[in-house]
Amino acid sequence: AWLCEWLLGLGAEVHGWALPPLRPSLFEALGLEKRLRHEILDITDAARVKARMAELKPEFVFHLAAQALVRVSYREPVRTFATNALGTAHVLEAMRAGNFPCSVVVVTTDKCYENDSAAHGSNARNFKESDPLGGHDPYSASKAAAELVVAAYRDSFFSHGTEVALASARAGNVIGGGDWAEDRLVPDCVRALSAGRPVPVRNPAFTRPWQHVIEPLSGYLLLGAKLEQARHKKSAEEIARYAQAFNFGPDPGSNRSVRDLVEEVLRHWPGKWEQVHQEKHLPEAPLLSLAIDKARATLGWQPRWDFAETVAQTVAWYRDYFEHAQKSAAPAIIGFTQAQINAYTKNFK
């Protein structure tokens with residue numbers, strides 16, 4: 001939804017495919033159904049994906065559709081693999097069959113790496129794009145598989161010409177206004193605090209590369225632009241420079257613990273937190289950190305908001321939402337969302 005809002009602000013003609021929105025929904029809060037060409041489409045439906053792609057022939061594709069929750073992947077592993085791995089293949093196969101010029105950014109996750117932090121403890125490394133892919137849970141493994149699908153399609157079908165330029169993007173732990181997913185830390189904070197309850201926290205010592213949703217989106221847009229510029233130059237060498245995998249994460253100082261994040265949220269929205277039981281059969285990696293040197297050097301991208309600003313902007317959005325949502329004040333929510341994008345981009349060169 002944030003990407004759609006940003007693209008609309010840039011004057012793009014946006015077509016969106018998604019499953020029906022859950023409620024509450026940022027998609028509905030921003031009134032996006034009436035502001036872009038939206039249709040309900042499941043990317044596991046290969047025939048429909050192929051047919052619609054052939055009709056639209058888009059100039060850019062940003063593929064973010066996913067089953068994106070680790071704990072849900074334990075309950076529904078087959079659906080997770082079907083959506084994340086096979087669904088990605090369906091999108092890319094539709095583009096191969098359509099044979100039209102396009103720049104493509106496939107978004108996976110920072111969890112696509114073979115994470116051995118449990119064994120290395122505090123010596124766990126920052127994952128770089130050349131590190132081995134893997135995953136101990138179905139979600140992470142499915143996203144590693146999606147990366148392999150991207151690499152296979154790029155090497156097999158899209159590397160011998162300049163019609164399709166294909167890259168993948170691996171973002172850190174994204175927070176920001178409008179996320180209502182289950183078993184995610186910030187939505188859990190918001191649900192608890194808005195109801196006057198303590199925030200439930202499963203793993204307070206776990207460390208993650210927290211970043212505002214605007215940060216990786218700026219990377220996706222920049223990567224898409226670089227791919228398109230290279231494609232128009234009709235330079236296979238230039239395309240190869242950008243048709244790769246890129247990490248988009250925060251500066252190392254924003255790699256903070258779950259406890260740090262919750263307590264920073266409580267600075268802006270007073271309340272309490274409590275530790276709750278973590279099911280031992282649903283393990284998650286205790287440490288996760290990304291190296292972003294490649295994005296800096298190759299794309300000229302860098303994060304702009306530090307940890308404190310990221311949390312402040314996130315909480316400010318939710319507090320504004322609760323002020324206006326009950327009045328069905330979509331224009332105010334749209335305006336606040338656009339204002340945060342504008343605040344982020346105002347010093348772009």
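**Briefing: a helix, a sheet and a threonine**

Helix α9 is followed by Lys-234, whose phi is positive, near 55°. This is a predicted model: local features need pLDDT of at least 70, side-chain atom pairs count only at pLDDT 80 or more, and totals for chains, interfaces and linings use all residues. Residues are numbered from 1 along each chain as its sequence is written, and side-chain values use heavy atoms, leaving out hydrogens and water. Helices (H or I, at least four residues) and strands (E, at least two) are DSSP runs, numbered from the N terminus.

**Helix α9**
- Helix α9 covers residues 214-232.

- Three strands form an open sheet in the order β6-β8-β10, with mixed pairing (two strands pair if DSSP finds at least two bridges between them).
- β6 (173-175) and β10 (255-257) are the edge strands, and each pairs on one side only.
- Strand β8 (residues 207-212) runs antiparallel to β10, joined by three bridges.
- Arg-208 has Arg-256 in β10 as its bridge partner.

**Thr-83**
- Thr-83 sits in helix α5 (residues 77-98).
- Thr-83 is buried, with a relative accessible area of 11%.
- Leaving aside residues up to four places away in sequence, Thr-83 touches Ile-43, Thr-44, Ala-66, Gln-67 and Thr-88 (heavy atoms within 4.5 Å).

Methods:
Buried means under 20% relative accessible area, exposed over 50%, partly exposed in between (1.4 Å probe, protein chains only). The expected span of a helix is 1.5 Å times one less than its number of residues.
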